[in-house]
Amino acid sequence: MTDLLREYTKQLEALARKQGLNYFPVDFELVPTSFMMEVAVYGLPVRMPHWSFGVRYIYQLIQHRMGHSHLFEVVFPGNPGRAFMADTNSLAENTLVTAHVLGHADFSRNNALFRKSQEQVGYHIVEQAAAHARRISEAIDVHGQSRVEKVLDAALALEQYIDPHLGLQRPLYPLYEEQKSHKVSDPFLQRFRALPGSEMAHDASAERRRAPIPPHREYDLLWFIAHYAPLMDDWERDIFLAVREESFYFYPVFACQLMNEGWACLWHTTLLREADFLPQGLFLDAMKTHSDVVRPYAGEKQVALDINPYHLGFAIWSEIVKERGIDEARTIMEQDDDFSFIRNHLTEELAEQLKLFEYKKTADGEIRVMDHDLDSLRESLLVKKFNFGAPHICVKSMQSDGTLLLRHEHETDHRGLDLVRADKVLNYVHGVWRRPVILHTVDEKGHSITRAVP
Amino acid sequence: MSDRERADFSGTRKETQWYGLFSRGARDWLRHNEKIREAVTRHLPDLVSDLDVSGSHHNRTVRVPVRFLEHYRFVLGHSREMKGVGQGEAKPGDVMQTDTGKQGRGNKGEGSDSGEGGPEFLLELKVDDIIDWFWEELNLPNLKAKTGTVEEDEYTREGWDKRGARARLDRRRTLKEAVKRRAVYQKDIPFIDEDLRYRQLVKHQRPNTEAVVFCCLDVSSSMIEDDRKLAKSFFFWALQGLRRQYRQIETVFVAHTIEAWEFSEEEFFQVTAHGGTVASVAFRKANEIIDQRYSPERYNIYLFYASDGENFPQDRDAALTGLEQLAQHANFIGFLETLTGRLVDSPSSMSRLFDLLQLNGLPVRAYPLREQEDVWTAIGGFFRSQADAEA
């Protein structure tokens, strides 16, 4: 059976390249379901140990036992890419999954966000994450479980706080403020200043001022803490940077999820339709699986209150290909992320055809369908995706006694933080920062409040 | 390229077989549970309320409902209205109801359950383990058994005999003998008398290690429920600790107002009575019981007296005499002054009495109990003082 799958894989790949898919080689591997679940939980095949993954693992296990989740594949971009498929999948399922994976591989090699992130993590995140895990295990041996855990509690709680725009590798802040060139409008003065010997009077050293830290609002909390925490050990900084590197890898996976899944569905359909080497029965079984994956509602229901990203992504891509052709679709795939994809390509017609609706849910669980407004609907679809899915929090300043001042940008998020949890996170952060940590946000009524540890 | 790829296909598969043997998810889950256990041990007192004070707890377990630990993140505060996008047959203005009974976020600013903080599961803890953790936590000494002055006879198994009482027949040994015999003599008789082996008992003299613990409780109307809880908690832990030290522990429960009665344990904690407090009657009762049943030569005697500390002033001398008499026989007398919800301006008459006795070098000590924390302090103090006395 595996031989057969291998044969199909070879032929599907040939077909894919003929269709213009352009991807790094992919290592396919059949693995037990238990391993699939772990990979899904950790996000990477080998990742640092932390108790919170254990909790997610149990949830996944329960879901699986209850039959609510079926993990067909997990794929990791890179060169080579790696794809894991459940060894319990049928041959038809794995044939479909193989084609699906090729779509993902094409996407991750060509999409701008993915490319940037892959360049930064060197196309080998799987190996790097394993190396991080090893280093952290070593740290546990040297410094003890609870000390390492304390650092991971903090670093993983801030997992989403990176700044993808400033990149993975970035220089430290300049030590001194940039000297403001004095505006000299007077042409005489200009010439006078240019005279040799006259510079003594304006010696720069007197004016060089220490730049504040940070010189601007800093959103990459992981980077900031790793480099500017006053009292951290090097091994602790190392853990922060390890978590940060993995976050840079996860960012495009998160920010392009809808596009990426849709693209993979588009290609598994296209490739399978063209794959005349597949027996008819197997093709039909595979297409049955396909329709299960991209269906909008669970079971017999006629209404869903969540959107299946496979379904929506697939529908939008199909529409784009139909209206504008595959070449334009490829260009969109290369340039967009979920934000621009939804805003530009979820059209009025498509929304109507898919019967999308926007609703308001009150605290007591009442759901009221709202009047149709496409712009508002698009934003509701995207609301969970902003800022890596986390509230906007930045470092505002670091005071001379080492106090860390964080600010929650409640104007952007339109409300304050859950204070119980915020306090807990501040405690984690204080555990590594070791000087006072202060956070500004607003309470339920919108009055500004300050939380401080200690 | 595609050849290399195919080679990897089988290559990686062999290398990565380890995942069948090792689960990271399970490892991190166990670590999570370990952390829960750590957290639970910090809340031990709450677990104790349902346990009997004197019962033996070997192999007994308590089930503690615990929540999964939540790894906290920054999240936005709860908002009255959330927008979402759905799909299907629905018109503007349609209203649907979801069951938010369990899924909804905590009702009033509690914010402690949502998503991952979710379900509870039952953690089963062995009472003996709890006690072990607790001893570690408080860094308490494991005391040596104190021996009484009287030696007692003890029978232990030692060796075998070919004759003996039927009840002590050692079947395994007997069978072995039969097998040996049949191997040597090649005769197929299943058992003969020669095969029989009986366990032999040998009499030893050994010092006895018995103790009796008196739990005395003031049940006058001034003792409120919380006071009793604290007292019960102290009794429980003190008994658990002493149990590690003595082979045999007997318990005596004495309640008093202006009279004193002996009770069984079940009754003891349910007794309520009206009236004032005359402590000396309890001490007299304890002295009587000692005289009748617990010879100080044979028993190590501990007495714990719990009261809110107010005693009839006229009873002071009688109480003093009673305590002095007890202290001659007892290894230790503890006074648990329960003070829940009370503001104390000056030491109570009873605690002054105990302080006086302590100054006179008698093995007594007073412990104020305001809240559960104080029980730990008192327990710690008691066992450490015992260890010091031992040294």
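## Where the two chains pair strand to strand

A:K361 stands opposite B:M82, a residue of strand β2 of chain B, in a predicted model in which local features need pLDDT of at least 70 and side-chain atom pairs count only at pLDDT 80 or more, while totals for chains, interfaces and linings use all residues. Residues are numbered from 1 along each chain as its sequence is written, and chains are lettered from A and ligands numbered from 1 in the order in which they are written. Strand β5 of chain A (residues 356-362) and β2(B) run antiparallel and are joined by 7 bridges; two strands are said to pair if DSSP finds at least two bridges between them. Strands (E, at least two residues) and helices (H or I, at least four residues) are DSSP runs, numbered from the N terminus.

## The contact between chains A and B

Chain A gives 69 residues to the contact and chain B gives 53, where two residues are in contact if their C-beta atoms, placed from the backbone, lie within 7 Å. On the side of chain B that touches chain A, the elements that give two or more residues are α1 (2-15), α2 (24-41), β2 (81-88) and β3 (95-97) of chain B. That side of chain B holds 16 nonpolar, 20 polar and 17 charged residues, with Ala, Val, Leu, Ile, Met, Phe, Trp, Tyr, Cys and Pro counted as nonpolar, Asp, Glu, Lys and Arg as charged, and the others, Gly among them, as polar.

Within helix α2 of chain B lies B:D28, which touches A:P49, A:H50, A:W51, A:F53, A:G54 and A:Y57, not counting residues up to four places away in sequence. B:D28 is buried, with 25 other C-beta atoms within 10 Å; a residue is called buried if 20 or more other C-beta atoms lie within 10 Å of its own, exposed if 12 or fewer, and partly exposed in between, with C-beta atoms placed from the backbone.

## A helix and a hairpin in chain A

In helix α15 of chain A (residues 338-345), A:D338, A:F341 and A:I342 are buried. Seen down the axis of α15(A), these buried residues fall within an arc of 90 degrees, so they line one face of the helix; the arc is that of the directions from the helix axis to the C-beta atoms. An α-helix has 3.6 residues a turn, so residues three or four places apart point the same way. The buried residues of α15(A) pack against α10 (234-255), α11 (257-274), α13 (309-324) and α17 (374-382) of chain A.

Strand β2 of chain A (residues 73-76) is covered on both faces, with A:E73 and A:V75 buried on one side and A:V74 and A:F76 buried on the other. This strand runs antiparallel to β3 of chain A (residues 81-86), to which 4 bridges join it, and A:E73 stands opposite A:M85 in β3(A). The two strands form a hairpin with 4 residues between them, and A:G78 in the turn has a positive phi of about 150 degrees.

## The sheet of chain B

Chain B has 11 helices and 12 strands, and 28% of its 391 residues count as buried. An open sheet of 6 strands has the order β9-β8-β7-β10-β11-β12 in chain B, with mixed pairing. Strands β9 (260-263) and β12 (364-369) of chain B stand at the edges, each with a single partner strand, so one side of each is left without a neighbour in the sheet. Strand β8 of chain B (residues 248-256) pairs with β9(B) in the antiparallel sense over 4 bridges, and B:V254 has B:E262 in β9(B) as its bridge partner.

Helix α9 of chain B (residues 316-329) packs on the sheet, touching β10 (299-307), β11 (332-338) and β12 of chain B, and its direction makes about 135 degrees with that of β11(B). Helix α10 of chain B (residues 349-359) lies across β10, β11 and β12 of chain B and runs at about 145 degrees to β12(B). For such angles, axes are lines fitted to C-alpha atoms, for helices over the stretch in contact, and the values run from 0 to 180 degrees between N-to-C directions.

The predictor's confidence in each residue is its pLDDT, from 0 to 100. Chain A has a mean pLDDT of 90, with 95% of its residues at 70 or more, whereas chain B averages 77, with 77% of the residues scoring at least 70. Among the elements of chain B, α1(B) has the lowest mean pLDDT, at 38, and pLDDT stays under 50 over residues 1-16 of chain B and also over residues 100-117 of chain B. Where pLDDT is low, the predicted coordinates should not be read in detail. For the complex, the predictor gives an ipTM of 0.89 and a pTM of 0.69.
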